[in-house]
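Here's a quick briefing for anyone meeting this structure for the first time. Have a look at the sequence and the model, then read on for the core, the strands and the charged pairs.

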Amino acid sequence: MTNTNCGPEPKKSFFDFVDEVFIGDLKEFSKKFKDWGSEFRREFRHKMGHDFVENHALMNVIETKQAYRIEIAAPGLSKESFKISLHEQVLKIVTDIENSLDAEEKYLKQEFDFGKLERTFYLPEDANPEQIEAKYEDGLLKITVAKKEPEQNQEREIKVS
């Protein structure tokens, strides 16, 4: 498909024109967005601290018909390390373990530190705060929050008096 009206050069196809106008702009936008993201991350790390950015525990949130399940990767801890609390539909998971080296030890490189973890979740309206279970096994904390039984909306006729 050739259209000489699609750009300054004759015999350019419509697709050549689209590539030049849009794809080129998207590539430039993508590059600028990545640059901005890197700059934001550096600034965020500076303001919030290295530990917050680099050691934020990875997690999955899974929904089934019966429940919500939160999985947090936290290797190297014990089940006693976790403090889990619920207040007004807000579930909070905290650990604060003192990681210290012996006097003759020093880090040459440190890429992880699982001593401090804090995650907060706002439970959905259909979550049942009375049925929450937590289990820590093989470095994975699994918290299951059951869903409330759906209320039966019974249809009935209302008589006018």
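A nonpolar core, as the term is used here, is a set of buried Ala, Val, Leu, Ile, Met, Phe, Trp, Tyr and Cys residues joined through side-chain atoms within 4.5 Å. Keep in mind that this is a predicted model. With that in hand, let's start inside and work through the topics one by one.

**The core**

- The largest nonpolar core has 17 residues, and the ones touching the most other members are I72, F82, I93, L141 and I143.
- Take I72 as an example: leaving aside neighbours within four places in sequence, its contacts include A57, L58, M59, I93, L117 and L141.
- R119 and G139 are also among the residues that I72 contacts.

**How the strands line up**

- β2 and β7 run antiparallel to each other and pair over seven bridges.
- One spot to look for in that pairing is A67, whose bridge partner in β7 is A146.
- β7 also pairs with β6, again antiparallel, through seven bridges.
- β6 and β7 make a hairpin with two residues between them, and D138 in the turn has a positive phi of about 55°.

**The charged pairs**

- Side chains of opposite charge can pair when their charged atoms come close.
- How many salt bridges does a search of the whole structure find? It turns up three.
- E63 and K147 make one of them, with their closest N and O atoms 2.6 Å apart.
- Since E63 sits in strand β1 (residues 59–63) and K147 in strand β7 (residues 140–147), this pair ties together parts that are 84 residues apart in sequence.
- Are the two partners buried or exposed? E63 counts as exposed at 53% relative accessibility, while K147 counts as buried at 14%.
- R69 and E71 form another salt bridge, at 3.0 Å from N to O.
- R69 is partly exposed, with 29% relative accessibility, and E71 is buried, at 11%.
- K92 and E118 also form a salt bridge, and their closest N and O atoms are 3.6 Å apart.
- K92 belongs to strand β4 (residues 90–96) and E118 to strand β5 (residues 116–122), so this pair ties together parts that are 26 residues apart in sequence.
- K92 is partly exposed at 34% relative accessibility, and E118 is partly exposed too, with 42%.

Notes: Residues numbered from 1 in each chain as written. Predicted model: local features only at pLDDT ≥ 70, side-chain atom pairs only at ≥ 80, totals over all residues. Heavy atoms only, no water. Salt bridge = Lys/Arg side-chain N within 4 Å of Asp/Glu carboxyl O. Helix = DSSP H or I, 4+ residues; strand = E, 2+ residues; numbered from the N terminus. Buried < 20%, exposed > 50% of the residue type's maximum accessible area, 1.4 Å probe, protein only. Contact = heavy atoms within 4.5 Å. Pairing = 2+ DSSP bridges.
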